[in-house]
Amino acid sequence: MAFSSGNILVVEDEQAIAETIVYALETEGFQPVWKTTGRAALDVLASQTVALVVLDVGLPDMNGFDVCRELRRHHVVPVIFLTARDGEVDKVVGLELGADDYVAKPFSPRELTARIRAVLRRTNGNGATAAPANATAIWTHDPAKCRVEFYGVTLELTRNEYRLLAVLLAQPGRVFSRDQLMSAAWDDPGAALDRTVDAHIKTLRAKLREVAPEADPIVTHRGLGYALSET
Ligand code: CA
C-alpha cells in the first residue's frame with residue numbers, strides 16, 4: 001500500500017461543488033479522491049491511505065455524521081465537515097464526533113484548502129492509518145500509569161498484554177524470544193506455557209488492529225520470537 005500524504009478523500013454528492021473542490025486541491029498539489037456516497041467513502045478508507053476526509057453532511061445514502069461515526073471506529077484520519085445549514089454546524093460541534101473542523105457552504109475553495117492545510121499541520125499529516133515517519137509518532141507510553149496510547153487512542157490492555165507491549169516498546173526493532181518475553185511480563189514464568197505468549201500477542205494485535213487496521217506493528221520472526229516494528 002503506497003503512502004501519500006496528499007490523498008484527500010472528498011465526499012460530496014453535488015457535482016459542481018465537488019469539481020470545484022477537486023480542482024482547488026489538485027492546484028495545490030493534493031491528490032483528491034472524489035466519492036458521492038458515504039458507503040463508497042468508507043470503502044476507500046478500507047482500502048487506501050487517506051491523509052484527510054472532506055465530508056459533506058447531506059449525502060444520498062447516509063448522513064455525514066453517521067459516516068464519521070462509522071469511520072471513527074476504524075480510522076484516526078482527520079475529518080473536515082461541509083455543512084449547508086446553521087443547524088448542521090451546531091450538530092458538528094455538539095455531537096463530539098471528533099471532527100477536526102467544518103466549513104459552511106457556500107465557501108471559497110481557498111478557504112477550504114487553507115483549513116485543510118491547517119488541520120494537516122496540526123495532526124502532523126499522520127492522522128491516517130499509514131506508517132508514520134518514526135515510532136514515537138505512533139506510541140505514547142506512560143509507565144507510571146501503565147498506559148499506552150496507539151495513534152492517540154488509549155489501549156485497554158490486560159496486565160500481561162501491557163507488560164508484553166512495554167517490553168517490546170522499550171526496544172523497537174529488537175527481537176525478543178518467547179522466553180525473554182515471558183520472564184519480563186509474567187510474575188511466575190514457570191507456570192505459563194510457551195503458547196501463552198502467542199495467545200497474548202494475538203489479543204494484543206487484535207486491539208491494535210481496532211485502532212489502525214493496516215499498521216500491524218508487532219512483527220513475528222519465525223523460530224525466534226517477536227519484535228516491534230521500528231517504523
Ligand atoms: Ca450534499
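Isoleucine 8 has proline 32 as its bridge partner in S2, and the two strands concerned, S1 and S2, pair in the parallel sense over five bridges. The model described here is predicted. It contains an open sheet of five strands with parallel pairing, a calcium ion coordinated by Asp13, Asp56 and Gly58, and three aromatic pairs found in a search of the whole structure.

- The five strands of the open sheet follow the order S2-S1-S3-S4-S5, and their pairing is parallel.
- Strand S2 (31–35) and strand S5 (101–104) stand at the edges with a single partner strand each, so one side of each has no neighbour in the sheet.
- From one strand to the next, the twist averages 20°.
- Strands of a sheet pair through backbone hydrogen bonds, in either a parallel or an antiparallel manner.
- Helix H3 lies across S3 and S4, and runs at about 170° to S4.

**The calcium site**

- The calcium ion is coordinated by Asp13 and Asp56 through OD atoms and by Gly58 through O, at 2.2 to 2.3 Å.
- Along the sequence, the spacing of these donor residues is D-x42-D-x1-G.
- Aspartate 13 lies in the loop between strand S1 (7–11) and helix H1 (15–27), whereas aspartate 56 belongs to strand S3 (residues 52–56), so the pair ties together parts that are 43 residues apart in sequence.
- Aspartate 13 counts as partly exposed, because its relative accessibility is 31%, while aspartate 56 counts as buried, because its relative accessibility is 3% and the cut-off for buried is under 20%.

**Aromatic pairs**

- The search of the whole structure finds three aromatic pairs; among them is the one formed by phenylalanine 65 and phenylalanine 81, which is tilted, with 5.5 Å centre to centre and 55° between the planes.
- Phenylalanine 65 lies in helix H3 (residues 64–72) and phenylalanine 81 in strand S4 (residues 79–83), so this pair ties together parts that are 16 residues apart in sequence.
- Phenylalanine 65 and phenylalanine 81 are both buried, and the helix and strand that carry them are also the H3 and S4 that run at about 170° to each other.
- Elsewhere in the chain, Trp139, Phe150 and Tyr151 form one aromatic cluster.

Conventions. Residues numbered from 1 in each chain as written. Predicted model: local features only at pLDDT ≥ 70, side-chain atom pairs only at ≥ 80, totals over all residues. Heavy atoms only, no water. Phe/Tyr/Trp six-rings, centres within 6.5 Å; stacked < 30°, edge-to-face > 60°. Helix = DSSP H or I, 4+ residues; strand = E, 2+ residues; numbered from the N terminus. Buried < 20%, exposed > 50% of the residue type's maximum accessible area, 1.4 Å probe, protein only. Donors = N, O, S within 2.8 Å, 3.2 Å for Na, K, Ca; no water. Pairing = 2+ DSSP bridges. Axes fitted to C-alpha atoms, helices over the stretch in contact; angles between N-to-C directions. Contact = heavy atoms within 4.5 Å.
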